[in-house]
Amino acid sequence: MQLTEPARVKLLIVEDDTRLTAVIGRGLRRLGHIVDVVTTVDDARWSAAESSHAVYVLDVMLPDGDGFDLCRTLRAEGDWTPVLMLTARDAVADRVRGLDVGADDYLVKPFAFAELEARLRALARRGPSERPTKLEIGTLTVDAGAHRATVGHTDLPLTARQFAMLELLAKRPDQVLTRAMILDELWDWAFEGDPRIVDVYIGGLRRLLRDLPGAPTISTVRGIGYVLRPPDQRALAEAQ
């Protein structure tokens, strides 16, 4: 399987495991790609500034910092090159954090080279595009960078999982998300608990949004799932 759009791209790998980078670099170069490899945050920032890359592959744990902070810094500086986080951390909270700081994808070690290459191919096709860190629906604002959600001037006291669920719904307003889709996004792939845990979190979010002027509502689509619906124009005008 090869990257075909474009057939030859330039990639930046930021990883201090020299054996891993040798394997990745050799495999990608065999497919015809140009691969820059650096091992520190400082070298990564220099390389990103000096040359254009199709995708950044960032390790989380680096000798002089971590990939989360590096990604956040690149986004703050206006660099929207697609980012794939590459790490041994597989906790949901870590995956959520990576996406919150502006990463596009997340791959947990150990991994198959074919999967890495497929993810890089998808990110290279996407190309750089600015993605807002703030989502606004009615008077609701979900700020991923600050990990904060507000309705008007009211802060919502959300747990990490509640925030992630609200953000997921806010990214797809008026789109019905099934319970399975929500579980797949927000829970570990090995989750074997009761899938109705989603209903519990939805109920909690509904209580927090209830009666707040201009807030969107979470509706149940019977037999399918849940959808975040913006407030009607009259309710929004009254709230403002």
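This is a predicted model: local features need pLDDT of at least 70, side-chain atom pairs count only at pLDDT 80 or more; totals for chains, interfaces and linings use all residues.
Residues are numbered from 1 along each chain as its sequence is written, and side-chain values use heavy atoms, with hydrogens and water left out.

**Entry: the sheet**

I use the DSSP runs, numbered from the N terminus: helices are H or I with at least four residues, strands are E with at least two. Two strands pair if DSSP finds at least two bridges between them. I found three strands in an open, antiparallel sheet, in the order 12-14-13. Strand 12 (177–178) and strand 13 (217–221) are the edges, each pairing on one side only. Leucine 177 has tyrosine 226 in strand 14 as its bridge partner.

I then checked strand 13 against strand 14 and counted five bridges, again antiparallel. Valine 221 stands opposite glycine 225. The hairpin of these strands has three residues between them, and there glycine 223 takes a positive phi near 80°.

**Entry: the nonpolar core**

I take a nonpolar core as a set of buried Ala, Val, Leu, Ile, Met, Phe, Trp, Tyr and Cys residues joined through side-chain atoms within 4.5 Å. Buried means under 20% relative accessible area, with a 1.4 Å probe and protein chains only. The largest such core has 28 residues, and Met165, Leu169, Ile182, Val198 and Ile218 have the most contacts inside it. Helix 6 gives the most to this core, namely seven residues.

Which residues does isoleucine 218 contact, leaving aside neighbours within four places in sequence? With contact meaning heavy atoms within 4.5 Å, I listed Leu169, Ile202, Leu205, Arg206, Leu209, Tyr226, Val227 and Leu228. Another core lies apart, with 19 residues, including Ala44 and Tyr56.

**Entry: two helices**

I fitted axes as lines to C-alpha atoms, for helices over the stretch in contact, with angles from 0 to 180 degrees between N-to-C directions. The axes of helix 1 (residues 18–30) and helix 5 (residues 113–126) come within 11 Å and cross at roughly 60°. Helix 1 and helix 5 are therefore oblique to each other. Angles under 35 degrees count as roughly parallel, over 145 as roughly antiparallel, 65 to 115 as roughly perpendicular and the rest as oblique. Ile24, Gly27 and Leu28 of helix 1 meet Phe113, Leu116 and Leu120 of helix 5.

Methods:
Buried means under 20% relative accessible area, exposed over 50%, partly exposed in between (1.4 Å probe, protein chains only).
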